[in-house]
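Hi,

Here is the structure I promised to pass on.

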Amino acid sequence: MDRSEALREPLRGASHLECTGTGTIIDCEQLIGLSSTGKPLFARYDLEAIRAAFTPHAVSSRRSDLWRYEEVLPVRNREAQVSLGEGWTPLTEAPRTAARLGVRRLLIKNEGINPTGSFKDRGLCLAVSRALELGARELALPSAGNAGSAAAAYGAAAGLPVHVVVPSDTPAPILEEIAALGADLQLLDGLISDCGKVVRRGVEEHGWFDLSTLKEPYRVEGKKTMGYELFEQLGHLPDAIVYPTGGGTGLIGMWKAFDEMERLGWIGSERPKMFTVQAAGCAPMVRAWEYGAQHADVWDGAATYASGLRVPGAVGDFLILRALRESGGGAVAVSDRAMAEWVARLGADTGIFAAPEGGATAAAVQPLMGMGLIHEEDEVVLFNTGSGLKYAGMKPLDG
Ligand SMILES: *Cc1c(COP(=O)(O)O)cnc(C)c1O
């Protein structure tokens, strides 16, 4: 490396944070939640400075976890990169499911093989690593289940205490896992939004750092790595991505990744059509999409056995709806019974035991084709966001 190159070698980490509502720029060297206007903050990077060296070719021989993308991740010091082998999950060809659904090509991004069995590991890996680096002492979050497991795991790996508040009807295997991973587990008769209130009290009274999705800036950075991986594994972006949406962090993250990848020169202006799938018993984004709204009203009486989709309101609602709109995608709701049927079909067709949320993505394809949004000639990627094993004993609520 000559001297001019050495001088240009960038710091690892973000350059600043930006409010997704107002565009206001904020210093990123502080533990922080939402912006002053109550919107999620996005980490921004000096992409011009890393563009020459951070290429798909350079990345191709790196470690097989999400830290292969460290230049576009917010952690500055390698010692703070907590890792349990998260990310770089298989993108599995599913020809029998493609034939069954009548699309040209169908692939499944199988997030069930992450360390705690769901893609929540990606987000919590980054949030915990960065919180560790910035000096957080106690972590907390409300969860529908899988985020609690992931926070407990990464908190344990980082040596930081974690408080997890979950609804009492969270699947038993997930409760056992959270407890086994050493977290302080609190059960509540209520929804994830009620659990959020308990966490906020802990933040005020005990100084906990709140890891709620999109309420700190870095879970979305972990989830965006799914976008980089998809491109690396496929060699291009697919025509359509079908994503089971709760808080929407993965969809928002991938949309952000595509924007970064264009600025880095990895891709052009092409984008996949982004599709949100929700449960018929909790579909705030689908309802907002159908009304053409910019924000989603909170869903009353949320009910589905797909616990990751039981999210009545999302702080990033406007970012989800914007990505659906700008990509030419859409949103659809499916019944619990349809999710369960597709979990069985996917299992028999592919060898992947999907979570109900993964089943939901397969269940959504034919309705989306019926709406003229997915076509026979499309190459479609379904996100199986978790392992079916985590839902042992759970039954469809409308089945
Ligand atoms: C959390 C979760 C979802 C929803 O993910 P978001 O990024 O919050 O929309 C989907 N599936 C599973 C298995 C989950 O745990």
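Around the ligand there are 16 residues, and Lys120, Tyr243, Gly246, Gly248 and Thr385 come nearest; a residue counts as near if one of its heavy atoms lies within 4 Å of the molecule. Bear in mind that this is a predicted model, where local features need pLDDT of at least 70 and side-chain atom pairs pLDDT 80 or more, while totals for chains, interfaces and linings use all residues. Residues are numbered from 1 along each chain as its sequence is written, and side-chain values use heavy atoms, leaving out hydrogens and water.

That shell splits into four nonpolar, nine polar (Gly is put with these) and three charged (Asp, Glu, Lys and Arg) residues. Both β10 (240–244) and α10 (249–263) supply at least two of its residues; helices (H or I, at least four residues) and strands (E, at least two) are DSSP runs, numbered from the N terminus.

Now the polar contacts (pairs of N or O atoms within 3.5 Å). A side-chain N or O atom of Tyr243 is 2.5 Å from a ligand oxygen, and a polar side-chain atom of Asn146 lies 2.9 Å from an oxygen of the ligand. Thr385 has a polar side-chain atom 2.6 Å from a ligand nitrogen. Taken alone, the ligand exposes 380 Å², and the protein buries 96% of that (Shrake-Rupley method, 1.4 Å probe).

Cheers

Definitions and conventions: A polar contact is a pair of N or O atoms within 3.5 Å; within protein, one must be able to donate a hydrogen and the other to accept it, and residues adjacent in sequence count only if both atoms are side-chain atoms.
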